[in-house]
Amino acid sequence: MRFSEALDADLVLAGLVAASRKELLHAMVEAAVKKYPALDLNRTLQLVTERELMGATAVGNGVAIPHAKLEECQKSIMVVASTRNIISFASEGRMPCRLFFLLLSPTQGRLQHLALMGEIAELFKDRKLRDRCLRAATNEDLWAMLSVV
């Protein structure tokens, strides 16, 4: 699955305000669960949090890709969020992030999961693209920016 295929207008959150990584992850998982009720909020949040504790998912340039694999997923689900404030996605605050791509993937889709993560990391090395995304004032603006990538 490509970035453009995983992108869903209902799962784009621009200018999110979150006080912490935990609060941000909760908001993103909550958006996924609202769209896909087969997902359990607490279980999904637990898996994403456990994965984050194994190693921070910041990929540099202010971008993080928190992720988890779930049996309940029939396909990869991506929630995109930009934040107004910087949120640390690494120990000791060394990886400040403002663009987040939560990936929830089927347990069997390892290669697809890794390919999508790689595509996100590569796309968002582009500073102009990151800056445009961070300037998006509404979910619709951010969606419009991402849908032409």
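Biologist: What does glutamate 119 touch, not counting residues up to four places away in sequence?
Modeller: Glutamate 119 touches Arg2 and Phe3, where contact means heavy atoms within 4.5 Å. The model is a predicted one, in which local features need pLDDT of at least 70 and side-chain atom pairs count only at pLDDT 80 or more, while totals for chains, interfaces and linings use all residues. Residues are numbered from 1 along each chain as its sequence is written, and side-chain values use heavy atoms, with hydrogens and water left out.

Biologist: Where is glutamate 119 found, and is it buried or exposed?
Modeller: Glutamate 119 is found in helix α4, residues 110-123. Helices (H or I, at least four residues) and strands (E, at least two) are DSSP runs, numbered from the N terminus. Glutamate 119 is buried, with a relative accessible area of 17%. Buried means under 20% relative accessible area, exposed over 50%, and partly exposed in between, with a 1.4 Å probe and protein chains only.

Biologist: And glutamine 112, what is that in contact with, leaving aside its neighbours within four places in sequence?
Modeller: Glutamine 112, also placed in helix α4, is in contact with Met1 and Ser76. Glutamine 112 and serine 76 are 36 residues apart in sequence, and their C-alpha atoms are 8.5 Å apart in space. Glutamine 112 is partly exposed, at a relative accessible area of 30%.

Biologist: Changing topic: which residues of α3 are buried?
Modeller: They are Thr44, Leu45, Val48 and Glu52. Seen down the axis of α3, these buried residues fall within an arc of 95°, so they line one face of the helix; the arc is that of the directions from the helix axis to the C-beta atoms.

Biologist: Why do residues three or four places apart point the same way in an α-helix?
Modeller: An α-helix has 3.6 residues a turn, so residues at that spacing point the same way.

Biologist: What covers that buried side, and what does the face turned away from it carry?
Modeller: The cover includes α2 (21-35), β4 (67-70) and β6 (96-106). The face turned away carries the exposed residues Asn42, Leu53 and Met54. At the start of α3, a side-chain oxygen of aspartate 40 comes within 3.3 Å of the backbone nitrogen of asparagine 42.

Biologist: Which residues have the most contacts inside the largest nonpolar core?
Modeller: Those are Leu24, Met28, Val79, Phe89, Phe100 and Leu104, in a core of 28 residues. A nonpolar core is a set of buried Ala, Val, Leu, Ile, Met, Phe, Trp, Tyr and Cys residues joined through side-chain atoms within 4.5 Å. The elements giving two or more residues to this core are β1 (12-16), α2, α3, β4, β5 (77-88) and β6. Of these, α2 gives the most, with seven residues. A second, separate core of 21 residues includes Ile65, Phe101, Leu142 and Leu146.

Biologist: Where is asparagine 61, and what is its phi?
Modeller: Asparagine 61 lies in the loop between β2 (58-60) and β3 (63-64). Its phi is near 60°, a positive value in a residue other than glycine. Most residues other than glycine have a negative phi.

Biologist: Finally, how many helices and strands are there in the chain?
Modeller: The chain has six helices and six strands. Buried residues make up 45% of its 149 residues.

Definitions and conventions: Polar contact = N/O pair within 3.5 Å; in protein donor to acceptor, adjacent residues only side chain to side chain.
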